Amino acid sequence: MPTSSAPVVLRPPRHRVSTKAVRYWAARALPLWLFILLGQVLWWIIAADGPRWHLVGFAITAVIGGAHLIVMPRWRFRVHRWEITDEAVYTQSGWFDQQWRIAPLSRIQTVDTERGPIEALFGLANVTVTTASAAGPLKLHGLDRALAQDLAEQLTARTQAVPGDAT
């Protein structure tokens, strides 16, 4: 006889990434825009035609770059979320192309933490949860470094307690 249980309600994960991720994402995008602006300045210096078109191009690039540096990190912060329950790991990420992933604890194979030099400057780290899924690992980006370490330890302990072979 089948048992009746409450319906599963799909919802966004509960936790946001660290607020420091906003500054990190902006800092990561800044060198590209500086490189583009530098290229335009060099073009202006080298080119023989009048400065008017170069100034227009420079101004347009500065406006688009400034908007990107202001909007993109905040938008990503609003989208990026994560949650770990007794049953699964939930992630939501992206900017334009948004992705929502759910991995049952019984499917987790490895849990890794990583941070690059710029992330280390901001006190951030990432957690990568590898599963048997063809879609690839789940990545929790922009977490506080201490929280990332705690999550990796918690996930490792929880997955060891869940029966199954993670395949």
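My entries on the sheet and one surface patch follow.

I am working from a predicted model. I looked up the strand order and found an open sheet of four strands, β1-β2-β3-β4, with antiparallel pairing. The edge strands are β1 (15-16) and β4 (99-104), and each pairs on one side only.

Entry 2, β1 to β2. I found two bridges joining β1 to β2 (residues 81-84). R16 stands opposite R81 in β2.

Entry 3, β2 to β3. I traced a hairpin from β2 to β3 through three residues. The two strands pair in the antiparallel sense over four bridges. I checked W82 and found T91 in β3 as its bridge partner.

Y90 stands opposite I102 in β4. Five residues lie between the strands of this hairpin, and G94 in the turn has a positive phi of about 120°.

I asked how many residues of β3 are buried. Six of the six are, so the strand is largely enclosed by the rest of the structure. A88, Y90 and Q92 point one way, while V89, T91 and S93 point the other way. In a regular strand, side chains alternate between the two faces of the sheet. I also found helix α4 (residues 145-161) lying across β2 and β3 (88-93), at about 40° to β2.

I located a nonpolar patch formed by L38, L42, I45 and I46, with about 450 Å² of accessible area together. I45 lies in helix α1 (residues 20-46). I45 counts as exposed because its relative accessibility is 62%, and the cut-off is over 50%.

Notes
Residues numbered from 1 in each chain as written. Predicted model: local features only at pLDDT ≥ 70, side-chain atom pairs only at ≥ 80, totals over all residues. Heavy atoms only, no water. Pairing = 2+ DSSP bridges. Contact = heavy atoms within 4.5 Å. Axes fitted to C-alpha atoms, helices over the stretch in contact; angles between N-to-C directions. Patch = residues over 30% accessible without salt bridge, like charges linked within 9 Å, V, L, I, M, F, W, Y side chains within 5 Å. Areas by Shrake-Rupley, 256 points an atom, 1.4 Å probe, with all protein chains shown as cover. Salt bridge = Lys/Arg side-chain N within 4 Å of Asp/Glu carboxyl O. Buried < 20%, exposed > 50% of the residue type's maximum accessible area, 1.4 Å probe, protein only.
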